[in-house]
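Please look over the model shown below before reading on.

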Amino acid sequence: MTLFAFYLVVIILGILSMGFQLLASRLLNPHFGSSIIVWAWLISTFLAAFSLGSMLGGWISNLAPAARRRGQLIGAAVAVLTLGLAAVGGRAALAWIEVRFEEMSVALLVACVGIFFLPVTALSTFGPQCVQYLAGRGTPPGKASGVVYGVSTLGNIAGVMLTAFVLIPHFRVSTLLYLWLVVALVSLTGLVRLLRTSSSL
Amino acid sequence: MRRFPFALLAALSCLSTAACGQDAVEHFDTTYNSLTVERRGDIVELRARFRGSEALESAVDLSDPLRLVVAYTRSLYGALFLQPQPKRVLMVGLGGAGFHRLFAEAYPQALLQTVELDPMVFELCRNRMQFKPTANTPVSIMDGRMFIKRNREQWDWLILDAFRGDFVPPHLKTEEFYRECAARLSDRGVFVSNLHATSDLYFSDLKTIQAVFPQVVLFGVDGRGNVIACAVKYRDPVITDPTKWPAPASLSLPAFAGRLDLEKVRAEVIPIPVNDVARGRVLSDDFAPVEFLNAAKTNNVGR
């Protein structure tokens with residue numbers, strides 16, 4: 001049952017990460033269009049967030065139990081807080097950025113880093129910690145890594161397809177951003193509790 | 001210098017066809033489109049490929065470049081009945097500049113500014129369809145909405161004709177965007193949009209236009225599925241009664257002779273499908289599932 005909940009949360013985090021990229025594109029389009037320039041900045045921002053998040057998560061997973069626990073709580077709090085900021089103030093921020101920065105690439109850099117980078121980085125910190133969790137339960141590290149990233153990528157695919165073909169056609173982007181916030185809050189609360197049992201082992 | 005890669009690509013593509021300047025079919029994959037340029041005699045067509053078929057984007061008759069080959073480009077001139085003196089026109093979407101040449105000839109003092117997203121479309125328009133931009137017909141390469149946001153000028157006609165095959169960029173179909181367009185219209189300016197009555201998007205699009213513009217007139221292009229919506233931001237005077245419009249003869253110019261029959265354009269006026277529009281949804285920046293409303297089941301498949 002615990003493992004089922006664990007994999008469910010891994011899938012949900014995958015859904016949140018990549019589904020958020022499609023929502024981000026819908027947020028950006030009215031302000032910067034839908035040209036290849038927009039997609040280049042958006043995809044690069046998400047990949048940079050995945051990269052930094054994975055490295056931070058790897059570092060956190062090797063901390064002493066008490067520090068690791070603080071790192072997990074900080075990661076979850078940053079993810080929820082920044083998703084909340086994107087939901088509440090994302091559009092207003094984009095309207096300001098669009099006017100403030102004349103050069104489009106600079107404006108896109110500021111928008112992508114300012115609104116989307118932190119939540120995705122924070123979500124990504126949990127990947128290596130999930131690997132650590134499985135390894136701590138006796139799964140060989142290589143296998144644990146393969147399983148976690150494999151399941152997470154399935155979640156990524158589900159996130160893209162669900163967002164593109166079900167959610168965006170039926171719901172407002174603003175509604176979906178609040179949905180992301182609530183799902184992140186619930187799933188990260190569950191994951192932090194699961195990881196705490198691992199830390200205490 | 002920036003045009004060199006496109007010119008080179010076009011030249012290489014030219015080598016792959018039977019012979020440039022004669023009948024030929026060329027294919028171009030650009031940043032945003034998969035395009036086919038076909039020349040048959042003096043007719044050059046620009047088509048967008050999608051889902052195994054092709055949508056006619058534009059066509060020009062090189063023996064008479066002023067001729068409006070594609071039917072809907074004639075209906076765009078319906079805007080004349082609402083604003084008979086277009087001095088400043090903004091067009092979003094270049095295609096093969098099928099509309100531009102007659103307009104520039106008929107109104108030599110007017111400015112026709114075009115915004116096109118795809119630089120290769122502009123290059124093909126110049127190299128294959130022999131469009132020569134002038135100081136009065138400049139072309140800017142950028143997103144149409146970005147141009148309208150950043151350019152603070154006022155326009156007598158603002159024509160929206162932006163497609164990528166069967167795809168309409170969602171941010172060009174929202175209430176917020178139409179409000180931005182309305183803000184750029186002169187007091188008696190006309191917003192003109194090329195719509196497709198065969199798509200599920202049509203009714204939502206009309207409802208969205210009506211949410212911004214108090215008066216809307218539709219021109220149903222003969223048998224093609226295109227509908228040209230002309231909308232204004234004022235309530236008075238009433239513009240929806242064609243019997244009160246200027247007489248077509250009073251609007252005709254020498255350049256129109258044999259090319260543009262304004263009597264026929266006036267006869268294209270169709271009623272707004274009120275009941276169907278009531279079922280549509282106003283599209284906004286927050287909710288615009290344009291891709292799922294099947295933008296163009298048939299997009300100018302014939303002339």
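## Helix packing in chain A

In this predicted model, α1(A) and helix α2 (residues 36-61) of chain A pack at an angle of about 145 degrees, with their axes 11 Å apart; axes here are lines fitted to C-alpha atoms, for helices over the stretch in contact, and angles run from 0 to 180 degrees between N-to-C directions. The crossing of α1(A) and α2(A) is right-handed, a term used if the near helix is turned clockwise from the far one by less than a right angle. Helices (H or I, at least four residues) and strands (E, at least two) are DSSP runs, numbered from the N terminus.

From α1(A), the residues A:Gln21, A:Ala24, A:Ser25, A:Leu28 and A:Phe32 meet A:Val38, A:Leu42 and A:Phe46 in α2(A), where two residues are in contact if their C-beta atoms, placed from the backbone, lie within 7 Å. By class, this contact has six nonpolar, two polar and no charged residues; Ala, Val, Leu, Ile, Met, Phe, Trp, Tyr, Cys and Pro count as nonpolar, Asp, Glu, Lys and Arg as charged, and the others, Gly among them, as polar.

## The interface

Between the chains, 12 residues of chain A are in contact with 15 residues of chain B. On the chain A side, the elements giving two or more residues are α1 (2-32), α6 (141-170) and α7 (173-199), and α1(A) gives the most, with three residues. That side of chain A is made up of six nonpolar, five polar and one charged residues.

## Chain B

Chain B has 10 helices and 12 strands, and buried residues make up 48% of its 303 residues, a residue being buried if 20 or more other C-beta atoms lie within 10 Å of its own. In helix α6 (residues 175-183) of chain B the buried residues are B:Phe177, B:Tyr178 and B:Cys181. Seen down the axis of α6(B), these fall within an arc of 100 degrees, so they line one face of the helix; the arc is that of the directions from the helix axis to the C-beta atoms. Their cover includes α5 (144-150), β8 (155-160), β9 (185-196) and α7 (201-212) of chain B.

Strand β10 (residues 215-220) of chain B is joined by six bridges to the antiparallel strand β11 (residues 226-232), with B:Val216 partnered by B:Ala231.

## Numbering and confidence

Residues are numbered from 1 along each chain as its sequence is written, while chains are lettered from A and ligands numbered from 1 in the order in which they are written. In this predicted model, local features need pLDDT of at least 70 and side-chain atom pairs count only at pLDDT 80 or more, whereas totals for chains, interfaces and linings use all residues.

Definitions and conventions
A residue is buried if 20 or more other C-beta atoms lie within 10 Å of its own, exposed if 12 or fewer, and partly exposed in between; C-beta atoms are placed from the backbone. Two strands pair if DSSP finds at least two bridges between them.
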